[in-house]
Amino acid sequence: MNLKKNEIYQTTVTGMTTEGSGVGRINDTVVFISNSAVDDVLKTKIIKTSKNYAVGRIEEIVTPSPDRAEPDCKYFAQCGGCTYRHISYEAELKIKHQRVEDAVKRIGGFQNLKINPVVRCESRCFYRNKAQMPFGKDNHSNTIMGFYAYHSHRIIDSDCCLLQPPIFSQISSIVREWAIKNNVSVYDEILHRGLLRHLYVRIAEVTGEIMVCLVINGKSVPNKNELTDKLKAVSGFKSLQLNVNTQKTNVILGKECIKLYGSDYITDVLCGLKFNISPLSFYQVNRTQAERLYSIAENYAQLSSDDVLLDLYCGTGTIGLSMAKKVKKLIGVEIIPQAIENAEKNAVLNGISNAEFICSDAAKAAVKLEKNGIRPDVIILDPPRKGCDKNLIETVVSMTPERVVYVSCDSATMARDISIFNELGYKPIEITPVDMFPATPHVETVVLMTKCD
C-alpha cells in the first residue's frame, strides 16, 4: 500500500542516515524521520512521498528510545546547527562509529579492518572557535540574526548557541543593538540589496584573542567608532574587520578584507605552535580535538629525523608544521594561494626552516615532485569532502612512500579511496574516528596505510 501524504502511521526507528535522520519502515516503504532515535516507536505524519521513500514528522512518541535525552537548547527543534541534542552522547558516538564501520564494509569492501573507538570530546558545548551568523528581517521587518533552519536559508532568530563560547552571545548582542540603533540595512538574498550579510566571529582558545568581522554588501558601515567602542568592553577583543562580499552568491565570505580596528589577525597555539589567524585563514573549528587528531596522525606516520614528509592538501600548514621538527624535510602542497602564504608565514613564526610550500593542484604537484626525483617517506592526505581523484592516488602510490596517513571528513569517500589504495598495493591497517563536531552528524577519521611487501 502506498503511503498517503498527511496521513499518520506508526513505525519503529531501526537506524540512522548519514545526515542524522531516523529510518523506519511503513508498509515496506522506507521513511526518514528527523529528531528521532533508534528504537523510538512513533506516530509519524507523512509530509513527503516519492517512488522509493517517504519523509515523516513525529506526531507522537509512543515509546521513547532508551537513547533519548531532553534537548538542552531551546532552538534545537528549529535550528539546523545540531542533529543529536535529543539523544545521549554515548548514543551519538555509537552512531558515528557505526557510520564509519558501514562505509568501510559496504563501500570499501573491508570486513575485518580495525576501527578504534571514536575519540570523544569533553563536551558537546562551547567547542567552536568560529561563528557565522546571518542577518535578516522577520515578518514585521525587524532586524534578526541567528542560524539557518535545517536545509534552508530561513533564519532562526537566536541570542545564543550551545556550540559556541558564551562570549559570542555578548558580541552578537552588541552588534545587533548597534545595527538596530543605526538603522543599518540587512541583505536581501532575492533582491541583492542591503548592507549586513553575516556576523563572523573567531576566538583564539589559548590566548583568548577575539576577531569580529562584518560581512557586508558594500565597503563601509555607519558609526564604526560607536561599534568599536562597544566591542572594547568584550574581554580579548583585538580586531574589527569588514569582509566585502558584493556578489550575488551563497558563499559567505568575499576576498577583500578592510581593517577597522586593531590587528590584522589573532594568534592561537596549536600543538605547541603559534598560528596567526586572519578572516580568510583556515583554522580547525575545534582546536582541542584537532590536537588529538594531529597526534593520532603523527603516531601513524612513525616519523624519523631522516624522513621526507609530504603534506598534500596542506591548507595553512597546520598538520605538517606540527610534525616538521620530527623530519628532515616537510613539503606542503595546497592550491589556494593565500593558504600557502599563511603556511609560509606560520613556518617563519615558529622558527621552522625545513619546510617548503608549493601552490599547486595536489595531483600536478605530486607528478612534478616525482619527476624531480623527490621520494617522500611518508605522505599525509587531508582532501576535501569529495576525497581524492584516482589519478592522485595513482601518483601517490608511484612515489612509493612507506606509509600514507589519510585524514578524512567524509567516511564514504574515505572508504572508496582506501579501497583504491588497497588495489594498488597500500593496505589500510587501522582507522581512528575523531569526534570533531559533537551534536552534529559529522565524524573525522584518520587511516594508516602501509606499502605491501
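This is a predicted model: local features need pLDDT of at least 70, side-chain atom pairs count only at pLDDT 80 or more; totals for chains, interfaces and linings use all residues.
Biologist: Good, so which residues of α8 meet which residues of α9?
Modeller: From α8 the residues are K390, I393, V396 and V397, and they meet D417, I420 and F421 in α9. Sorted by class, this contact has five nonpolar residues and two charged ones, with no polar residues.
Biologist: And at what angle do the two helices pack?
Modeller: Helix α8, residues 390–398, and helix α9, residues 411–423, pack at about 40 degrees, and their axes are 10 Å apart. The two helices are therefore oblique to each other.
Biologist: Is that crossing left-handed or right-handed?
Modeller: The crossing of α8 and α9 is right-handed.
Biologist: Changing topic, what volume does the largest pocket have?
Modeller: The volume of the largest pocket is about 1400 Å³, and of the 50 residues lining it, those closest to its centre are F282, G315, E334, I336 and P384.
Biologist: Which element gives the largest share of that lining?
Modeller: That is α6, which gives three residues to the lining of the largest pocket, and by class the whole lining has 26 nonpolar, 12 polar and 12 charged residues.
Biologist: What about the second largest pocket, what is its volume?
Modeller: The second largest pocket has a volume of about 850 Å³, and among the 29 residues that line it, G80, G81, R128, T440 and H442 are the closest to its centre.
Biologist: And where does the largest share of its lining come from?
Modeller: Strand β8 gives the largest share of the lining of the second largest pocket, with four residues.

Definitions and conventions. Residues are numbered from 1 along each chain as its sequence is written. Side-chain values use heavy atoms; hydrogens and water are left out. Axes are lines fitted to C-alpha atoms, for helices over the stretch in contact, and angles run from 0 to 180 degrees between N-to-C directions. Angles under 35 degrees count as roughly parallel, over 145 as roughly antiparallel, 65 to 115 as roughly perpendicular and the rest as oblique. A crossing is left-handed if the near helix is turned anticlockwise from the far one by less than a right angle, and right-handed if clockwise. Contact means heavy atoms within 4.5 Å. Ala, Val, Leu, Ile, Met, Phe, Trp, Tyr, Cys and Pro count as nonpolar, Asp, Glu, Lys and Arg as charged, and the others, Gly among them, as polar. On a 1 Å grid over the protein atoms alone, a cavity is a set of points where a 1.4 Å probe fits but cannot get out, and a pocket is an open set with protein on both sides within 12 Å along at least five of seven lines; lining residues have an atom within 4 Å of a point. Grid points are joined across faces, edges and corners, and a volume is the space filled by probe spheres set on the points.
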